[in-house]
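Colleague: I am new to this structure. Please show me how to read its features.

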Amino acid sequence: MYIFVKRVKSNGKIYYYLVIEEYDPITKKKKPLLHLSLKKILEAFKDELGDGKDFPWCGGWDSNPRRPTPTGLKPAPFGRARAPPLA
């Protein structure tokens, strides 16, 4: 089963759709199960979602504090062990 958001550009506007597809191994094709406009989904849940002010912003913190924050690129270990170049 594949679940993804499809972006469609039409007449200068961009539309987003929630798509759910199922792979049929016999025909070796994807069969669409659901194709809904995200705009209609958000309008349907507008009362439950409110204006977004009810949800506090997390401040950019990682939701899993046990996972270490990845660092940038590290130099190769052989680069530090080499002798300095001859002048």
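Modeller: We go from the chain as a whole to single residues. This is a predicted model, in which local features need pLDDT of at least 70 and side-chain atom pairs count only at 80 or more, while totals for chains, interfaces and linings use all residues. Residues are numbered from 1 along each chain as its sequence is written, and side-chain values use heavy atoms, leaving out hydrogens and water.

Colleague: In what order do the elements of the chain run?

Modeller: Helices (H or I, at least four residues) and strands (E, at least two) are DSSP runs, numbered from the N terminus. Here the chain has three helices and three strands, in the order β-β-β-α-α-α from the N terminus.

Colleague: What share of the residues of the chain count as buried?

Modeller: Buried means under 20% relative accessible area, exposed over 50%, and partly exposed in between (1.4 Å probe, protein chains only). Of the 87 residues of the chain, 5% count as buried.

Colleague: Is S37 buried or exposed?

Modeller: S37 is found in strand 3 (residues 29–37). It counts as buried because its relative accessibility is 18%. Leaving aside residues up to four places away in sequence, S37 touches Y16 and Y17; a contact means heavy atoms within 4.5 Å.

Colleague: And I3, buried or exposed?

Modeller: I3 belongs to strand 1 (residues 2–10), and at 57% relative accessibility I3 counts as exposed.

Colleague: Which residue lies over the face of Y2?

Modeller: A charge sits over a ring if NZ of Lys or CZ of Arg is within 6 Å of the ring centre and within 35 degrees of the ring normal. In this case K30 lies over the face of Y2, at 4.5 Å from the ring centre.
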